[in-house]
Amino acid sequence: MRLLLLGLSALLILLVTSVGGVAAANAVAENSLPGDAWFTVRQMSESFRITLSPNKSEMRVAIAQYRLRDLTARVGTSHEILALAYFDAALNAALLSLADLPADARAKLMPSLTTLVNSAQALLAQGALTSDPALVARFGDKLDQIRAISEDAWIAPDDLRALAAISLELPAAVVAQLPSAGEFAPRAIPLPGGFQHSFPLDGKHANVACEQCHVEGKYAGTPRACAACHADQHKNAFGQQCERCHTTVAFKPAKMNHTGLTDCASCHTNKKPANHFAGQCSQCHTTTVWKPAKMNHAGLTDCASCHSNKKPANHFAGQCSQCHTTTAWKPAKMNHAGLTDC
């Protein structure tokens with residue numbers, strides 16, 4: 001009986017010690033940072049939490065917040081760039097996850113993204129990240145672009161995907177240490193039969209081999225923005241919305257869709273001749289044809305601001321509209337209404 005009690009006591013001590021050891025190991029992993037040996041264990045734990053979470057997008061935003069804390073802790077150390085790379089990967093994963101949500105669910109999480117980006121910008125504003133100034137500058141530009149649209153609860157999914165596709169041009173040695181988006185590294189597998197894309201592969205896209213877009217068998221996170229595959233011949237003069245002019249049927253001929261665009265001069269200033277009207281092109285031109293052009297004078301009262309160069313010597317000093325009309329410059333007839341000093 002005594003031996004049995006001793007055996008049970010030893011087993012109980014072993015069990016308590018084992019449980020305590022697991023708890024201690026878990027605590028070490030949870031407090032590990034990029035560059036630590038236990039950081040991989042922490043990533044595995046976070047991946048399981050994402051898998052089991054009923055709201056995976058919310059969890060991915062939370063993981064990105066953890067990575068920002070890691071970066072803050074690694075500032076000024078030899079692991080600073082690695083921590084920045086892990087934060088960027090987690091931020092990209094959050095953007096892609098938000099893009100795949102229905103519009104209502106995405107709108108609810110956009111404030112969390114705004115808070116995350118604000119915190120990251122605040123860290124950069126401190127000037128503490130100094131390991132690679134050029135890399136830090138690129139990261140700052142990316143944050144600025146995300147911040148510019150983060151308050152738009154109804155942002156288009158493809159805009160989020162385009163932001164996630166922005167590369168920081170990280171050193172190859174750092175990239176080699178990153179699993180895919182901070183999770184287990186994926187294995188290349190063939191697409192199942194009858195697979196349907198979430199967006200249509202029509203026109204010329206229907207003939208593109210899968211591996212041209214899905215490099216090394218990776219499917220999740222593949223960028224959908226046109227600029228990810230097609231070089232921008234316009235040097236970003238017209239933004240990244242190639243579909244405004246081009247179609248998937250053929251790249252040429254191209255026809256600009258001006259719907260929703262109001263700032264004509266942002267594209268057409270290089271076509272203005274000398275001493276041209278300084279206002280918007282739409283005052284005279286249409287999107288159908290450039291010429292003939294006819295000036296729309298509605299709402300304009302200061303004629304002389306445009307036509308003073310057409311005045312002959314010793315001309316009437318008042319507004320052109322006293323004599324001329326917007327229909328024809330000549331014949332002109334002086335309107336004396338209200339004039340008393342002949």
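Modeller: Begin with the word contact, which here means heavy atoms within 4.5 Å. Keep in mind that the model is predicted.

Colleague: Which residues is L178 in contact with, leaving aside its neighbours within four places in sequence?

Modeller: L178 is in contact with L82, A85, Y86 and L170, once neighbours within four places in sequence are left aside. The place of L178 is in the loop between α8 and α9 (265-268).

Colleague: What share of contacts between residues at least 6 apart in sequence joins residues at least 24 apart?

Modeller: That share is 55% in this chain.

Colleague: How many helices and how many strands are there in the chain?

Modeller: The chain has 10 helices and zero strands. Its pattern along the sequence is α-α-α-α-α-α-α-α-α-α.

Colleague: Take helix packing next. How are α2 and α3 oriented to each other, roughly parallel or roughly antiparallel?

Modeller: The angle is read first, and angles over 145 degrees count as roughly antiparallel. For α2 and α3 the packing angle is about 160°, and the axes are 9 Å apart. The two helices are therefore roughly antiparallel to each other. Their crossing is right-handed. On the α2 side, the contact is made by F39, R42, Q43, E46, R49, I50 and T51; on the α3 side, by K56, M59, R60, I63, Y66, R67 and D70. By class, the residues of this contact divide into five nonpolar, two polar and seven charged.

Colleague: E46 is in that list. Is E46 buried or exposed?

Modeller: Buried means under 20% relative accessible area. E46, which lies in helix α2, has a relative accessible area of 2%, so E46 is buried. Not counting residues up to four places away in sequence, E46 touches I63, Y66 and R67.

Colleague: What does the pairing of α3 with α4 look like in angle and axis distance?

Modeller: α3 and α4 pack at about 165°, with axes 8 Å apart. That angle makes α3 roughly antiparallel to α4. The crossing in which α3 passes α4 is left-handed. Residues of α3 in the contact include R60, I63, R67 and L71, and those of α4 include L84, F87, L91 and L98. The classes here are 14 nonpolar, two polar and six charged residues.

Colleague: And at what angle do α4 and α6 pack?

Modeller: Helix α4 (residues 80-99) and helix α6 (residues 133-150) pack at about 20°, with their axes 12 Å apart. Angles under 35 degrees count as roughly parallel. α4 and α6 are therefore roughly parallel to each other, and α4 passes α6 in a left-handed crossing. In α4, the residues I81, L84, F87, D88, L91, N92 and L95 meet L135, F139, K142, L143 and I146 of α6. That contact has nine nonpolar, one polar and two charged residues.

Colleague: Which residues touch the most other members of the largest nonpolar core?

Modeller: The general idea is that nonpolar side chains tend to be buried together in soluble globular proteins. Here the largest nonpolar core has 42 residues, of which L71, F87, L91, L95 and L113 touch the most other members. At least two residues of this core come from each of α2 (39-52), α3 (56-74), α4, α5 (103-125), α6 and α7 (157-164). α4 gives the most, with 12 residues. Apart from neighbours within four places in sequence, L95 is in contact with L113, I146, L160, L163 and A164. Over the chain, 25% of the 342 residues count as buried.

Colleague: Which residue other than glycine has a positive phi near 55°?

Modeller: That is E169, found in the loop between α7 and α8 (172-175). Residues over 50% relative accessible area are exposed. E169 is at 54%, so E169 counts as exposed.

Colleague: One more case. Where is the place of G318?

Modeller: G318 is in the segment after α10 (304-307). At 24% relative accessibility, G318 counts as partly exposed. The C-alpha atoms of G318 and A304 are separated by 8.0 Å, and the two residues are 14 residues apart along the chain.

Terms used:
Residues numbered from 1 in each chain as written. Predicted model: local features only at pLDDT ≥ 70, side-chain atom pairs only at ≥ 80, totals over all residues. Heavy atoms only, no water. Axes fitted to C-alpha atoms, helices over the stretch in contact; angles between N-to-C directions. Helix = DSSP H or I, 4+ residues; strand = E, 2+ residues; numbered from the N terminus. Parallel < 35°, antiparallel > 145°, perpendicular 65-115°, else oblique. Left-handed = near helix turned anticlockwise from the far one by under 90°. Nonpolar A, V, L, I, M, F, W, Y, C, P; charged D, E, K, R; others polar. Core = buried A, V, L, I, M, F, W, Y, C linked by side-chain atoms within 4.5 Å. Buried < 20%, exposed > 50% of the residue type's maximum accessible area, 1.4 Å probe, protein only.
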